[in-house]
Amino acid sequence: MREVRKEIRPNRAVFEPGERGGLRRSLVRAGWIATGAAAALVFPAAAWAGDDQNALHPASKQEHSISVLWWVMLAGCSIGFCVVATLLLLGWVRRNRDSLPFGGGDRAGTAIVVGLGVFVPIVVLSSLFVWSDLFLIRTTEAPAANSTRMSIQVIGHDWWWEVRYPGGRAVTANEIHIPVRTRVDVAGTTADVIHSFWVPELNRKADLIPGRVNHLLLDADRPGEYRGQCAEFCGQQHAHMAMYVFADPPDVFRRWLANEERPARQPATAQAREGQHLFLSLPCSGCHMIRGTSADGTIGPDLTHLATRKTLAALTLPNHPPDLARWIEDPQRYKPGSKMPGFSLTSRERDALVAYLEGLK
Ligand SMILES: [Cu+2]
């Protein structure tokens, strides 16, 4: 023991003349740590500022819990981060410990390590665990059977969302309408691979798994348009598998649903009639359903009321005539790998198809 102490003393003596310089160096390092910490805090701030598809902009009780959890976790992790940074800092200024305000010495060092390094993390992490897992996250759980006013079915496909309403008559794709301030049970499954249904402003994610039905509660507390996204990698066009949830005032929703349940409108113009004839004679009708016609395909989205949608192909394109024309001619250009092939059509045929489809209100 003696031998060791003797060796340390000459070493400390070597550092003594440079003590002030050492402190300055340490302060510079502390400055860098503080800069790093500030940078780390900029990311959540940036996320908070964004408006579209933002998990920190809750529009439901469930998402409110999730965002509170997020902020508390951030606070908890920041405490942890500060503790580690402080310990690191103490390590750096250790050689100056005689000038530390609390005296220094090995005892004080041990107390700091045990206090900040063991005790604080145990308290912080266990309380976060108990509060989040045992209390808070329960609020986002799947609704109990028969506890909701309404139920819809969402079926994931590579790379679009099929949406069915109770009774099975109203079928749509990618744009889900729900009444606002109403508990809606989403029963989700998939027609092919695993997808994940996620509307960040409304609730947590629900995986859509082959052969299983997973439930998720949607209960928007204000009307609006909430963007969602497939949150489980499902192949080439995973990034183009988005959706909207529209939370409508009850009367708007009722009107929308009543229209959606009706069979397709008859074409109103000669051009649209030609388009309908083309649609039913081309392969289109083998993949798409248009209720009220002989088109009864189920490979692609139901097009019965296509013109009531704002977007095409899971939010890949806006639903405007020029974009619809481009999509019909060359879907592979917008969604390479999609099950819809391109068609070589004359411009007359293409325009007729567009006229027919844009009349499907
Ligand atoms: Cu996906």
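These are my notebook entries on a predicted model of one protein chain.

**Ground rules**

I number residues from 1 along each chain as its sequence is written. Because the model is predicted, I ask for pLDDT of at least 70 for local features and count side-chain atom pairs only at pLDDT 80 or more, while totals for chains, interfaces and linings use all residues.

**Overview**

I started with the secondary structure and found 10 helices and 12 strands. Helices (H or I, at least four residues) and strands (E, at least two) are DSSP runs, numbered from the N terminus. Next I looked up burial: 26% of the 361 residues count as buried. My cut-offs are 20 or more other C-beta atoms within 10 Å for buried, 12 or fewer for exposed, and partly exposed in between, with C-beta atoms placed from the backbone. I then turned to contacts, where two residues count if their C-beta atoms, placed from the backbone, lie within 7 Å. Among contacts between residues at least 6 apart in sequence, 66% join residues at least 24 apart.

I traced an open sheet of 5 strands in the order 4-10-9-6-7, with mixed pairing. Two strands pair here if DSSP finds at least two bridges between them. The edges are strand 4 and strand 7 (206-208), each pairing on one side only. From one strand to the next, the twist averages 25°. Such axes are lines fitted to C-alpha atoms (for helices over the stretch in contact), and angles run from 0 to 180 degrees between N-to-C directions.

Which strands pair with strand 10, and in which sense? Strand 4 (residues 175-179) pairs with strand 10 (residues 242-248) in the parallel sense over 5 bridges, and strand 9 (residues 224-230) pairs with strand 10 in the antiparallel sense over 6 bridges. Val-245 in strand 10 is the bridge partner of Ile-176. Helix 5 (residues 250-261) lies across strand 4 and strand 10, at about 130° to strand 4.

**Sheet with strand 8**

I found another open sheet of 5 strands, ordered 3-2-1-5-8 and mixed in its pairing. Its edge strands are strand 3 (171-173) and strand 8 (214-218), and each pairs on one side only. Neighbouring strands are turned by 25° against each other on average, direction ignored. Strand 5 (residues 184-190) and strand 8 pair in the antiparallel sense over 5 bridges, and Ala-187 has His-215 in strand 8 as its bridge partner.

**Nonpolar core**

By nonpolar core I mean a set of buried Ala, Val, Leu, Ile, Met, Phe, Trp, Tyr and Cys residues joined through C-beta atoms within 7 Å. The largest has 53 residues, and Val-186, Leu-218, Val-245 and Ala-314 touch the most other members. Helix 10 (residues 347-358) gives the most to this core, with 6 residues. At least three core residues come from each of domain 2 (150-261) and domain 3 (270-358); the domain bounds come from an automatic or database domain assignment.

I listed the contacts of Leu-218 beyond four places in sequence: Ile-178, Val-184, Val-186, Leu-202, Asn-203 and Val-245.

Which residues of helix 8 (residues 321-329) are buried? I noted Leu-324, Trp-327 and Ile-328. Seen down the axis of helix 8, these buried residues fall within an arc of 95°, so they line one face of the helix. The arc is that of the directions from the helix axis to the C-beta atoms. Their cover includes strand 11 (311-312), strand 12 (317-318), helix 9 (331-334) and helix 10.

Gln-332 is in helix 9. Is Gln-332 buried or exposed? Gln-332 counts as exposed, because it has 12 C-beta neighbours inside 10 Å. Beyond four places in sequence, Gln-332 is in contact with Ser-338 and Gly-342. Gln-332 and Gly-342 are 10 residues apart in sequence and 6.6 Å apart in space, C-alpha to C-alpha.

I flagged a cis peptide bond joining Asp-158 and Trp-159, with omega about 0°. Trp-159 lies in the loop between strand 1 (150-157) and strand 2 (160-164).

Arg-181, not a glycine, has a positive phi of about 50°. Arg-181 sits in the loop between strand 4 and strand 5 and is partly exposed, with 14 other C-beta atoms within 10 Å.

Ala-314 also has a positive phi, near 60°, and lies in the loop between strand 11 and strand 12. Ala-314 counts as buried because 24 C-beta neighbours are inside 10 Å.
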